[in-house]
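Subject: Structure handover

Dear colleague,

Here is the structure for you to look over. My notes on what was found in it follow below.

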Amino acid sequence: MGRKFFVGGNWKCNGTTEEVKKIVGTLNEAKVPGEDVVVVVSPPYVFLPFVKSLLRSDFHVAAQNSWVRKGGAYTGEISAEMLVNLDIPWVILGHSERRQLLNETNEFVGDKVAYALSLGRKVIACIGETLEQREAGTTLDVVSEQTKAIADKVSNWDNVVLAYEPVWAIGTGKVASPAQAQEVHAALRKWVHDNVGAEVAASLRIIYGGSVNGGNSKELASQPDIDGFLVGGASLKPEFVDIINSATVKN
Ligand SMILES: O=C(CO)COP(=O)(O)O
């Protein structure tokens, strides 16, 4: 079966036309083990068609959000229907920045994931605990709850990648140690095994995000349950290519 390594670049709210051209130029020239890795970059909405038109065809694009149901009178949102229309295959949902800054709840994220999947989109679903939650020893409860809210709404996991992104590691330079990340990934896989099914648990890609860079990606990638990365800051830099090249074959 095998879980193909997955590397996503979340550009967040960054970039100008010139910067976007430069990043895509670097990616287009990069030598990567295409057989062994799926690469998806997620520019801000307004650059999506531009990036898609410039980007090499073996790499894919993702939106950073989509609305919870059919589009309409929702100022500032973009809909999954638009992603279909523009042939944008992937969408990142439930990022902690949206959970925290825009008050997206577990249930809301579960609904969004289900709606995007129902329109044939592929979803990078993000979960992760805060520093307070980790220090309180509730990490596994928090990420299980977040995963349950998705599992409650989703019956087919084929088009889901689960991104474990501890909030304390995002943009802080404080990466989870390989052992810390592996512990949570293994616990998540067990949760999926026990609550969704053995087959989904074996095939679901669980990727790590939080201060991943060209220097730490190899060791993280060697962990048995880390199936890839969701990269923020370093995805705007040439070292993103090194991260892609840390891909390992799983199972
Ligand atoms: O939030 C992230 C990816 O979605 C991680 O961000 P950093 O890689 O900048 O820590």
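Phenylalanine 6 stands opposite glycine 228 in strand E8. This is a predicted model, in which local features need pLDDT of at least 70 and side-chain atom pairs count only at pLDDT 80 or more, while totals for chains, interfaces and linings use all residues. Residues are numbered from 1 along each chain as its sequence is written. Helices (H or I, at least four residues) and strands (E, at least two) are DSSP runs, numbered from the N terminus.

E8 covers residues 228-231, and it pairs with E1 in the parallel sense over four bridges; two strands count as paired if DSSP finds at least two bridges between them. E1 is also joined to strand E2 (residues 37-42), by six bridges, and these two strands run parallel as well. In E2, phenylalanine 6 has valine 38 as its bridge partner, and valine 7 has valine 39.

How many of the residues of strand E1 are buried? Six of the six, residues 5-10, so the strand is largely enclosed by the rest of the structure. Buried here means that 20 or more other C-beta atoms lie within 10 Å of the residue's own; 12 or fewer makes a residue exposed, anything in between partly exposed, and C-beta atoms are placed from the backbone. Both faces of E1 are covered, with Phe5, Val7 and Gly9 buried on one side and Phe6, Gly8 and Asn10 on the other.

**The barrel and its helices**

Eight strands close into a barrel with parallel pairing, in the order E1-E2-E3-E4-E5-E6-E7-E8. Neighbouring strands of this sheet are turned by 25° against each other on average, direction ignored. Axes are lines fitted to C-alpha atoms, for helices over the stretch in contact, and angles run from 0 to 180 degrees between N-to-C directions.

Helix H5 (residues 106-118) packs on the sheet and touches strands E4 (90-93) and E5 (122-127); its direction makes about 175° with that of E4. Contact means that the C-beta atoms of two residues, placed from the backbone, lie within 7 Å. Helix H8 (residues 178-195) lies across strands E6 (160-164) and E7 (205-209), running at about 150° to E7.

E1, helix H1 (residues 17-29) and E2 make a right-handed β-α-β unit. Right-handed means that, with the strands pointing away from the viewer, the path from the first strand over the helix to the second runs clockwise.

**The ligand**

The ligand is surrounded by 14 residues, of which Asn10, Ile170, Gly209, Gly232 and Gly233 are the closest. A residue is near a molecule if its C-beta atom, placed from the backbone, lies within 6 Å of it. The shell divides into five nonpolar, eight polar and one charged residue. Ala, Val, Leu, Ile, Met, Phe, Trp, Tyr, Cys and Pro count as nonpolar, Asp, Glu, Lys and Arg as charged, and the others, Gly among them, as polar.

**Single residues**

Lysine 12, in the loop between E1 and H1, is not a glycine but has a positive phi of about 50°. It has 19 C-beta neighbours inside 10 Å and so counts as partly exposed.

Threonine 147 belongs to helix H7 (residues 139-151). It counts as buried because it has 22 C-beta neighbours inside 10 Å. Leaving out residues up to four places away in sequence, threonine 147 touches Ile127, Leu162, Leu188 and Trp191.

Regards
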